[in-house]
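Let me jot down what I looked up, entry by entry.

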Amino acid sequence: MVLKVMSANQAIAEAVKLANPNVIPVYPITPQTTISEYLAKFVADGEISAEYIRVESEHSAISAALGASGTGVRVFTATSSQGLALMHEIIFAAAGLRAPIVMADANRALSAPLSIWNDQQDSISERDSGWMQVYAENGQEALDSILIAYRVSEDHSVLLPSMVCIDGFILTHTVDPVDVPEKGDVDKFLPPYKPDHAYLDPKRPMSIGTFTDPNYYMEARHDMELALEGAKDVIANANAEFAEIFGRKYDFIEKYRSDDADTIIVAMGSICSTIKDVVDEHRDNGEKVGLVRVRVFRPFPTEEIYDAIKGASNVGVLDKNISFSVGGVLHNEINAKMDVKANGFIVGLGGRDIKPTHISEIIEKTKNTTKTTQWIGLNKEEL
Amino acid sequence: MEIPEKEFLAPGHRACAGCGATIGVRLALKMLGENTVAISATGCLEVITTPYPETSWEIPWMHVAFENAAAVASGVESALKSQGKTDTTVVVFGGDGGTADIGLQALSGAMERGHNLIYICYDNEAYMNTGIQRSGSTPYGASTTTSPHGKESFGEDRPKKNMPMIMAAHGIPYIATASISYPEDFMKKVKKASEIEGPAYIHLQQPCTTGWGYSPEKTIELGRLAVETGSWILYEIEEGEFKVTYRPLQRRAVKEYLNAQKRFKHLTELEKDRIQSHVDAVCIELKV
């Protein structure tokens, strides 16, 4: 294995090259843009043979991706923040039309105020769409998650799109050593996509995206719910096979020194690397602190998270998002779905630094279970 | 001209009696044949032809949303190309709202990128599916539910957006206007559009019994009146070459066209004269 140093955006582009999609419609937006640029260069250099569509908006990027997917081929697109918000309408349509699109989202705050920096409000706001969502911790996981996402999305029992989310700048523009898998191994794990049905094939005409009255709509949505829940088995199998071929084992959640922990922090994305360091410090001081990192956010791994946190006296959940007047979304979902009383912490909105001292502050504040939401890292002078 | 008998839009759909849109689609598909994929924008056509679990489309068909038909078609065309299926025709049917208003950006992008597809705007000059609201394609003076005539209003106070010329500004190889009431002219244009490499745009006027306010059996007659009065001019622009494809032997008075429709009924003689002089100016310029 030869590790190459690259940003998570480049790692994602490498993954897309390996997955070899037929069509790539993309539109630039910071901090996603370099994914589009790497892919453009791959096409320009003849390293991949995809049709690269320079669309005029993100709305058209996802629309063209959905049209292409309608012909039964593999497609890729990427976006961020305002772009994802502009896609919103078609994000729901893509899931409803059961298109196995894979998209990378470079997590960035939503306007206003305008911010190009990281939080996870953009993708969290699409949580009800029917897409699967994975939050990567580093470049390697970003690359691997794209390959796994195709495998799961294209499974005939699933047929739902996937969003691989990477923290803007923190991952998209930060270089890490990454193992780029061999094409042959990837082909074994991810064979070419062969749809069950004939899609937009004149030899077997089919109407896609029809008008539906109240007699049928609800069943279509119910099917999506079954497919998303059913995807859990498919994800587990894909993770196992991925580990067998590539030696890297992924799960719905990652448990870090949490088995015997009294205090557990739950979080998603790149902040978990910082939290692991802080956990180590606290462990060095004899405190039983641990981390549960949620990787797969949709389908929501209720059982896995609950099993991991139920033994702890205190649970604190970090959210880089805010559902106003309710609190952080992950926090609320954990409290709603599980017999726990977790504290919630709103952190890192619009690129606000989350320092190790903040994590220690959160660990302290988690020791008293209040079930409330607190904002960490606010600049008191600006309030 | 030999017109293929085979139909690709099955009857039994939910269109109003006298619907002009479905006539346009039938004629177009006859020329394009079975190796065709159709994309629809949200609108009358999509709703009336695909009430799940039924469909009128005998060719592959896809609909995603209102404003993105041209973007969806871009993806379809690219995906077919990537599979070497370059002999399959991609045709888009968008209404005037889905084309001239909400779908203009996606359409502009698709045309400018040079996708090999045919975009047919079926223009009934208002948002008919939602109940006759004005669009950018509604003509001057027409009363709609959002440009109603009244004490302070004579109806729509802006001229019709010139979509074909907006398309011409994209420098695409083929642009045409057409009318369902001149089927041979329209079908020849569809054929030409399918034979040309690159994007083609056809702006098809189709009278709407519900929105224009006339008796359903008069749809073809209304389409003819539009053309015979010079209110709608049939032309094509092939590789930049502008050509009028039909000239009435003698132009009839615009009033004949206006008076046949409820949407213009409120207009005063003065306003009708104003519309006539506007039509005259355009017809003189184009030698119609």
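**The sheet in chain A.** I traced an open sheet of 6 strands in chain A, with the order S10-S12-S11-S14-S15-S16 and mixed pairing. For me, strands (E, at least two residues) and helices (H or I, at least four) are DSSP runs numbered from the N terminus, and two strands pair if DSSP finds at least two bridges between them. Strand S10 (253-256) and strand S16 (373-375) of chain A each have a single partner strand, so they stand at the edges with one side lacking a neighbour in the sheet. From one strand to the next I noted an average twist of 20°; axes are lines fitted to C-alpha atoms, for helices over the stretch in contact, and angles run from 0 to 180 degrees between N-to-C directions.

A note on the source: this is a predicted model, where local features need pLDDT of at least 70, side-chain atom pairs count only at pLDDT 80 or more, and totals for chains, interfaces and linings use all residues. Residues are numbered from 1 along each chain as its sequence is written, while chains are lettered from A and ligands numbered from 1 in the order in which they are written.

**Inside the sheet.** Strands S11 (263-267) and S12 (289-294) of chain A run parallel and are joined by 5 bridges. Opposite Ile264(A) I found Gly290(A) of S12(A).

**Two domains.** I then looked up their contact, which takes 25 residues of domain 1 and 19 residues of domain 2 of chain A; residues are in contact if their C-beta atoms, placed from the backbone, lie within 7 Å. On the domain 1 side, H8(A) gives the largest share, 5 residues.

**Where the chains meet.** How many residues does each chain bring to the contact? I have 38 residues from chain B and 37 residues from chain A. On the chain B side, H3(B) supplies the largest share, 11 residues. That side divides into 18 nonpolar, 15 polar and 5 charged residues; I count Ala, Val, Leu, Ile, Met, Phe, Trp, Tyr, Cys and Pro as nonpolar, Asp, Glu, Lys and Arg as charged, and the others, Gly among them, as polar.

**A pairing across chains.** Strand S9 (207-208) of chain A pairs with S2(B) in the parallel sense over 2 bridges. In S2(B), Trp61(B) is the bridge partner of Ser207(A).
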